[in-house]
Amino acid sequence: MNRTIKKNWLDTQKRIEKANPDGKEITVIAVTKTHSTETIEKALSLGLKEIGENKAQEFVEKYDLLESRKEEIHWHMIGHLQRNKVKYVVGKTKLIHSLDSMRLAKEIEKRGEIEDLSVDTLLQVNVAKEDAKYGIFLEDATSFLKNIESFQHLKIRGLMTMAPYYEDPEKTRECFKKLKNLFEELKKEEYNNVTMEYLSMGMTNDFEVAIEEGSNMVRLGRTLFGERPKLKK
Ligand SMILES: *Cc1c(COP(=O)(O)O)cnc(C)c1O
């Protein structure tokens with residue numbers, strides 16, 4: 001298993017390099033949802049220290065199991081976060097990628113105040129306006145950012161999206177282009193609490209296209225750890 005993950009990581013690195021001929025810095029988030037803490041430890045042993053989980057409960061369980069290694073691990077919450085779970089996550093993550101509503105922003109702000117912490121997030125954008133996906137629409141991003149200018153704890157450090165699923169990853173290109181454009185536009189603006197540093201886009205199916213279109217943070221699960229076990233209903 002360790003060997004397989006190692007080989008997967010080497011293959012993935014080659015593919016990233018090919019999509020990124022200029023050698024820009026790209027952060028790889030190893031998405032370990034459904035996998036055990038042993039898998040996370042294998043990832044750490046390969047130098048993968050940015051670890052992504054998509055469910056608050058599962059994240060907290062793993063966080064507790066790996067508490068002794070918390071200095072080494074940078075945790076990323078990448079999935080939809082319910083407001084009643086915010087308290088379990090704030091203070092434990094390096095970055096919450098899934099800031100997808102003003103109500104959630106307010107809850108994170110409230111929790112940041114209680115814990116006297118600054119909380120780094122990415123604004124999740126539903127570029128393709130899919131019903132099944134979370135996130136605000138492209139055209140609503142500016143007003144969203146203006147609305148958090150008075151906050152004291154919540155920080156937005158960039159943008160995140162999940163492209164629609166297509167068999168042919170080439171079809172995701174338009175979506176990534178649109179988010180990159182917004183990212184560059186917002187970079188020129190100056191809003192309180194907002195910096196445009198991270199553009200989190202690209203998963204196993206489409207990370208090469210995302211990188212070609214300017215992503216600097218990819219969230220990779222299956223290409224590193226193989227297919228996830230199917231959840232029993
Ligand atoms: C699961 C997940 C990923 C990784 O997906 P893969 O297809 O396994 O690479 C990335 N982002 C989010 C938000 C996810 O939930």
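1. In β8, Met217 is the bridge partner of Thr27. This comes from a predicted model, and the points below should be read with that in mind. The pair belongs to a set of four bridges that join strand β1 to strand β8 (residues 217-220), and the two strands run parallel.

2. Strand β1 also pairs with strand β2 (residues 50-53), again in parallel, through two bridges. Here Ala30 has Ile51 of β2 as its bridge partner.

3. Is β1 covered on one face or on both? Both faces are covered. Thr27, Ile29 and Val31 are buried on one side, and Val28 and Ala30 are buried on the other. For the strand as a whole (residues 27-31), five of five residues are buried.

4. The largest nonpolar core contains 63 residues. Those with the most contacts inside this core are Leu99, Ile108, Leu123, Phe144, Ile148, Ile156 and Leu159. Helix α7 (residues 173-188) gives the most to this core, with six residues. Another core, of five residues, lies apart from it, and includes Ile29, Leu95, Leu122 and Met160. As background, nonpolar side chains in soluble globular proteins tend to be buried together.

5. Leu99 deserves a separate entry. With neighbours within four places in sequence left aside, Leu99 is in contact with Leu104, Ala105, Ile108, Thr121, Leu122, Leu123, Gln124, Phe144, Leu154 and Ile156.

6. Arg173 is a residue of helix α7. Why does Arg173 count as buried? Its relative accessibility is 19%, and buried means under 20%. Leaving aside neighbours within four places in sequence, the contacts of Arg173 are Val209, Glu212 and Glu213.

7. Which residues surround the ligand? They are Val31, Lys33, Asn54, Ile78, Met162, Met203, Thr204, Arg219, Leu220, Gly221, Arg222 and Arg228. Among them, Val31 is one of the buried residues of β1.

8. In Thr204, a side-chain N or O atom is 2.5 Å from an oxygen atom of the ligand. For Arg222, the distance from a side-chain N or O atom to a ligand oxygen atom is 2.8 Å. For Arg219, a side-chain N or O atom lies 2.9 Å from a nitrogen atom of the ligand.

Technical notes:
Residues are numbered from 1 along each chain as its sequence is written. This is a predicted model: local features need pLDDT of at least 70, side-chain atom pairs count only at pLDDT 80 or more; totals for chains, interfaces and linings use all residues. Side-chain values use heavy atoms; hydrogens and water are left out. Buried means under 20% relative accessible area, exposed over 50%, partly exposed in between (1.4 Å probe, protein chains only). Two strands pair if DSSP finds at least two bridges between them. A nonpolar core is a set of buried Ala, Val, Leu, Ile, Met, Phe, Trp, Tyr and Cys residues joined through side-chain atoms within 4.5 Å. Contact means heavy atoms within 4.5 Å. A residue is near a molecule or strand if one of its heavy atoms lies within 4 Å of it. A polar contact is a pair of N or O atoms within 3.5 Å; within protein, one must be able to donate a hydrogen and the other to accept it, and residues adjacent in sequence count only if both atoms are side-chain atoms.
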